[in-house]
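Q: I am new to this structure. Please take a close look at one part and then show me what surrounds the topic.

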Amino acid sequence: MSPRSASVNEELRRRSQERLLQAAVELVGEHGYDATTLGDIADRAGAARGLISYYFPGKRRLVQSAVHRLMHRTLEEALEREPCSGDGRERMARAIDAVLGLARDRPVLMRQHMAGLLHAEGFVPCPEQRRLAELLRDTVARHGSSDVDRDYPLLRALLMGAVYAALMPGAPMPVPVLRAELFARYRLEWDMGVPPDTKASGGRRDTDTDTDLSRFFATAPAPEDRPEGQSK
């Protein structure tokens, strides 16, 4: 059997990372951060536990990267769904609804994520977070900002604050109320984005919880796993 090529090895590494990220968001969403072990994540991903320390410096960094992946892919999906829109105000509305939707639909996961950001290690930039930042910066620019470097951090802070308020144990604020405040700040009309209790394009309702996360974590077969003659 001939040795695998460098490209095949790279693809296998990518798939392993993707499975670990997906397993992390699934398990933390189901059981919480403290109840989820690295062994649990490795077992769910079908990977050796040693791979986690090879790709990530620890559980908190893995979970933070995994949640940022879910956030950036959720935001990307919302911004690009049909009908596609280049309107900056519509894209801002979709961005707000996407982030608030995660707080509403995945409260355990997002509450653990917010708690992790307040941990001693705090906010750690990673490739997944940078992709999320790029989408939000682009949204701010398309909305008409004259100073993206000033307005992007403010939008990020407002969204994080809204998520925190929606998930505060014992005193949560209703998502529609938070949405109304953010829409008023950015001068958006209520029927933009995906208003509560309405059907989004593509057939999913705003109140639906999508339990299948596989579309956010690309784990397509590696080249050597594809049937002979099948192209990429």
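What is the relative accessible area of arginine 150?

A: The relative accessible area of arginine 150 is 48%. That makes arginine 150 partly exposed (between buried, under 20%, and exposed, over 50%; 1.4 Å probe, protein chains only). Its side chain meets that of aspartate 151 in a salt bridge, 2.8 Å from N to O (a side-chain nitrogen of Lys or Arg within 4 Å of a carboxyl oxygen of Asp or Glu). Aspartate 151 is buried, at 18%. Elsewhere, salt bridges with shared partners join Glu18, Arg69, Glu128 and Arg131 into one network.

A word on the model comes next. It is predicted, with residues numbered from 1 along each chain as its sequence is written. Local features need pLDDT of at least 70 and side-chain atom pairs 80 or more, while totals for chains, interfaces and linings use all residues; side-chain values use heavy atoms, without hydrogens and water.

The protein chain has 9 helices and 0 strands (DSSP runs numbered from the N terminus: H or I, at least four residues; E, at least two). From the N terminus on, the order reads α-α-α-α-α-α-α-α-α. The chain has 232 residues, and 46% of them count as buried.

The structure holds 15 salt bridges. One of them joins arginine 137 to aspartate 149, with the closest N and O atoms 2.8 Å apart. Arginine 137 lies in helix α7 (residues 127–142) and aspartate 149 in helix α8 (residues 148–167), so this pair ties together parts 12 residues apart in sequence. Arginine 137 is partly exposed, at 31%. Aspartate 149 is exposed, at 56%. Another salt bridge links arginine 104 and aspartate 105. There too the closest N and O atoms are 2.8 Å apart. Arginine 104 is partly exposed, with a relative accessible area of 29%.

Arginine 81 goes without such a partner. It is buried yet has no salt bridge. The nearest side chain of opposite charge is that of glutamate 90, 4.4 Å away (Lys and Arg positive, Asp and Glu negative; His and chain ends not counted). Arginine 81 sits in the loop between α4 (59–80) and α5 (88–105). A polar atom of the arginine 81 side chain lies 3.4 Å from the backbone oxygen of glycine 193.

Two charges sit over rings. Arginine 179 lies over the face of tryptophan 190, 4.4 Å from the ring centre (NZ of Lys or CZ of Arg within 6 Å of the centre and within 35 degrees of the ring normal). The charged end of lysine 59 sits over the ring of tyrosine 33, at 4.0 Å from its centre.

One more loop deserves a look. Proline 172 is in the loop between α8 and α9 (175–185). Its relative accessibility is 51%, so proline 172 counts as exposed. Neighbours within four places in sequence aside, proline 172 is in contact with Ala165 and Ala166.

Tyrosine 54 is exposed, with a relative accessible area of 59%. Tyrosine 55 counts as buried, at 17% relative accessibility.

Technical notes
A polar contact is a pair of N or O atoms within 3.5 Å; within protein, one must be able to donate a hydrogen and the other to accept it, and residues adjacent in sequence count only if both atoms are side-chain atoms. Contact means heavy atoms within 4.5 Å.
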